[in-house]
Amino acid sequence: MIYLGWIVRLMAAKTKSNKQKEEEAPDTEVITMEEQLEPEATIEDLPGVGPATAEKLREAGFDELLALAVMSPGDLAEQAELGEAVAGKIIQAAKKMANIGGFVSGSALLERRREVQKLSSMVQSIDDLLAGGFETQSLVEVYGEFGSGKTQIGHQLAVNCTMPVDQGGFDGDVFYIDTEDTFRPERITQMARGHGLDPEAVLERIHVARAYNSAHQMLLAEEIKRMSRGINVKMIIVDSLTSHFRAEFVGRGMLANRQQKLNRHLKDLKQLADVNNALVLVTNQVMSKPDAMWGDPTKPIGGHVLAHASTFRLYLRKAKGGRRIARLVDSPNLPDGECVYQVCEEGLRD
Ligand SMILES: Nc1ncnc2c1ncn2[C@@H]1O[C@H](COP(=O)(O)OP(=O)(O)O)[C@@H](O)[C@H]1O
Ligand SMILES: [Mg+2]
């Protein structure tokens, strides 16, 4: 069904069923973030959740308190096939036990920020611009014109994500939602070789699904929760976030509907970033603003919904001599600025 898309094994170039994947799970030794931390309460510890309800919750992809705590009763009832009153009680209990209800102190936030990891682009100028790299628990939006190099950044970071932590990677897996049919395993192979990595091993850790329309794209994001069990997900890429939405919801009358759906999608993505201590990277197109009197007459689409959801926005453009410029826009804690890099056969370089 829908989630079959995720199981595309790039090297084998054949689709496996969900069942086969689960059977394979025991011999994949992945240490998840939770295992590295102190043992935490599980969903079975929730009052009123017996084995049958726990099973239903797990089947619907809710295997962590935090994932439950951020749901609405209506959505949880529908997704886990529970009564809405039961769902409401579970959410309330999860909120208490996951300790996310209400305000937290600045020092507690600082503690949570300490878990943030940074993914190196392996390009000094880009890492400098981002004070070390692309942060987990954040949503990074990369926007620019066609051919400005958005997909190249997605490919490069996917490769880097699989690299060991002490080399600037996350030693993690990547889920890649491809809406424009521009994911190329051959390009991953080139970039993996560029870092002296085994291309096949890298491709094994990048799970790609082609999204055929915006509804499918949203479902795929929801499926990541389910599909990622036993996998150390450290990065989710949506390339492009907005192309289907833009093509399908045309005209003023559709705008509110589009923004509402996009908002929902972004929330799902942000939740994945928080629960997995992972990085979410989305690409976005630009539209030209012919009425702009000065400055660059292009701006990202997606409106306020996307502007608020992104923690960092990077604006890419081409410059003379094959050079590329990335501009950091609207960062919560870093100064705006620009950097220069190149796209070579081996990948992004200074
Ligand atoms: N193998 C390669 N070697 C060098 N440059 C490449 C390679 N593949 C793609 N590029 C560069 O990347 C550009 C395409 O960028 P892309 O990321 O697809 O743009 P966008 O996603 O923003 O539309 C090409 O025009 C080319 O300059
Ligand atoms: Mg692209």
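Modeller: Gladly; let us begin with a loop. S240 sits in the loop that joins β8 (233–239) to α13 (243–248); helices (H or I, at least four residues) and strands (E, at least two) are DSSP runs, numbered from the N terminus. This is a predicted model, in which local features need pLDDT of at least 70 and side-chain atom pairs count only at pLDDT 80 or more, while totals for chains, interfaces and linings use all residues. Residues are numbered from 1 along each chain as its sequence is written, and chains are lettered from A and ligands numbered from 1 in the order in which they are written.

Biologist: What is the peptide bond from D239 to S240?

Modeller: Most peptide bonds are trans, and most residues other than glycine have a negative phi. The bond from D239 to S240 is cis, with omega near 0 degrees. Q137, not a glycine, has a positive phi of about 65 degrees, and Q137 belongs to the loop between β4 (134–135) and β5 (138–144).

Biologist: At what angle do the axes of α9 and α10 cross?

Modeller: Axes are lines fitted to C-alpha atoms, for helices over the stretch in contact, and angles run from 0 to 180 degrees between N-to-C directions. For α9 (residues 150–161) and α10 (residues 185–194), the axes come within 9 Å and cross at roughly 55 degrees. That makes α9 oblique to α10; angles under 35 degrees count as roughly parallel, over 145 as roughly antiparallel, 65 to 115 as roughly perpendicular and the rest as oblique.

Biologist: Which residues of α9 and α10 meet?

Modeller: Contact requires C-beta atoms, placed from the backbone, within 7 Å. From α9 come H155, Q156, A158 and V159, which meet R187, I188, M191 and A192 of α10. Five of the residues in this contact are nonpolar, two polar and one charged (Ala, Val, Leu, Ile, Met, Phe, Trp, Tyr, Cys and Pro count as nonpolar, Asp, Glu, Lys and Arg as charged, and the others, Gly among them, as polar).

Biologist: How many residues surround ligand 1?

Modeller: A residue is near a molecule if its C-beta atom, placed from the backbone, lies within 6 Å of it. Ligand 1 has 13 residues around it, the closest being S148, K150, T151, Q152 and E345. α9 gives the most to this shell, three residues. By class, the shell has three nonpolar, eight polar and two charged residues.

Biologist: Where does pLDDT stay under 50?

Modeller: pLDDT is the predictor's confidence in each residue, from 0 to 100. Where pLDDT is low, the predicted coordinates should not be read in detail. The protein averages 85, and 84% of the residues score at least 70, but pLDDT stays under 50 over residues 7–39.

Technical notes: Contact = placed C-beta atoms within 7 Å.
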